[in-house]
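Take a look at the fold below. Follow the backbone with care, and then turn to the strands.

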Amino acid sequence: MTQLSVNVNKVAVLRNSRGGNDPDVVRAAMTCLRAGAHGITVHPRPDQRHIRADDVYALSELTRQHGVEFNIEGNPFAPPREGYPGLLPLCEQTRPAQVTLVPDGDGQLTSDHGFDFSRDGQRLRPLIATLKDYGCRVSLFVDAGNADIAQAAVLGADRIELYTGPYAEAFARGTTETVVAQFADAARRAQAAGLGVNAGHDLSQANLHYFLAQVPDVLEVSIGHALIGEALYEGLETTIGNYLAITAQSTPAAAG
């Protein structure tokens with residue numbers, strides 16, 4: 001079935017709004033794992049708006065102890081600054097199972113587009129090689145409409161992560177047919193190139209089942225914002241259980 005990786009950034013946002021360590025990001029992640037989540041995702045940003053370097057180290061240890069996937073997202077081109085050593089140094093120190101490279105900037109409220117391989121490909125290639133030397137699986141954040149998705153394999157990536165924001169918007173409008181067909185086509189093109197397919201951004205209990213039913217062989221979904229919001233009403237363990245019931249209905253190919 002499709003694996004569920006829970007993004008705990010929003011827990012860190014709430015903590016940082018008051019300082020201190022409440023709510024505790026590690027405790028929240030442990031609750032997710034106890035409820036059956038297959039992994040934990042974080043997206044440390046240079047401005048430290050949510051997940052910080054110390055969280056990355058602590059969550060790396062937690063996921064290692066539980067034998068589950070740790071997925072670190074981030075912009076490999078963002079330079080280090082005080083409190084943020086840079087994405088590759090963080091990965092070198094923690095050796096996550098997966099690194100998802102995302103072309104975001106400080107000015108973005110959230111990740112809202114994938115890589116342009118014609119512009120960024122040659123800069124990505126050596127960074128991907130370095131991350132794979134660290135023993136990490138590498139996934140690249142891409143738009144479903146990217147005609148060059150197969151280029152991710154040429155650059156050395158193992159997977160892509162489809163940016164699902166446009167799908168979620170179309171689902172909310174009730175106009176999913178054309179958009180989800182584009183995502184299904186993108187997944188097939190990636191798989192034909194030997195790439196595994198992940199997906200994430202604005203996926204929720206409301207729209208996830210239809211997405212997985214229409215887009216073939218999605219290996220992993222990374223969900224944070226909607227899941228944490230839903231957990232405010234339903235509780236974290238119940239919410240995780242609801243997502244696992246949805247992903248259990250999918251039948252992706254073997255992970256790569």
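The model is predicted.

Most residues other than glycine have a negative phi, and most peptide bonds are trans. The places below depart from that pattern in one way or the other.

Go to the loop between helix 1 (9–18) and helix 2 (25–34), where P23 lies. The peptide bond that leads from D22 into P23 is cis. Its omega is near 0°.

Next, move to the loop that links strand 7 (196–200) to helix 9 (205–214); H201 sits there. H201 is not a glycine, yet its phi is positive, about 120°. Is H201 buried or exposed? The cut-off for buried is under 20% relative accessible area. H201 has 16% relative accessibility, so it counts as buried.

Past helix 9 comes another loop, which runs to strand 8 (220–223) and holds D217. D217 also is not a glycine and has a positive phi, about 55°. With a relative accessible area of 31%, D217 is partly exposed.

Now turn to strand 5, residues 137–142. How many of its six residues are buried? Five are, and the strand is mostly covered. Strand 5 pairs with strand 4 (residues 98–101) in the parallel sense, over four bridges. Here V138 of strand 5 stands opposite V99. Strand 5 also runs parallel to strand 6 (residues 159–163), and four bridges join the two. In that pairing, L140 has I160 of strand 6 as its bridge partner.

Notes:
Residues are numbered from 1 along each chain as its sequence is written. This is a predicted model: local features need pLDDT of at least 70, side-chain atom pairs count only at pLDDT 80 or more; totals for chains, interfaces and linings use all residues. Side-chain values use heavy atoms; hydrogens and water are left out. Buried means under 20% relative accessible area, exposed over 50%, partly exposed in between (1.4 Å probe, protein chains only). Two strands pair if DSSP finds at least two bridges between them.
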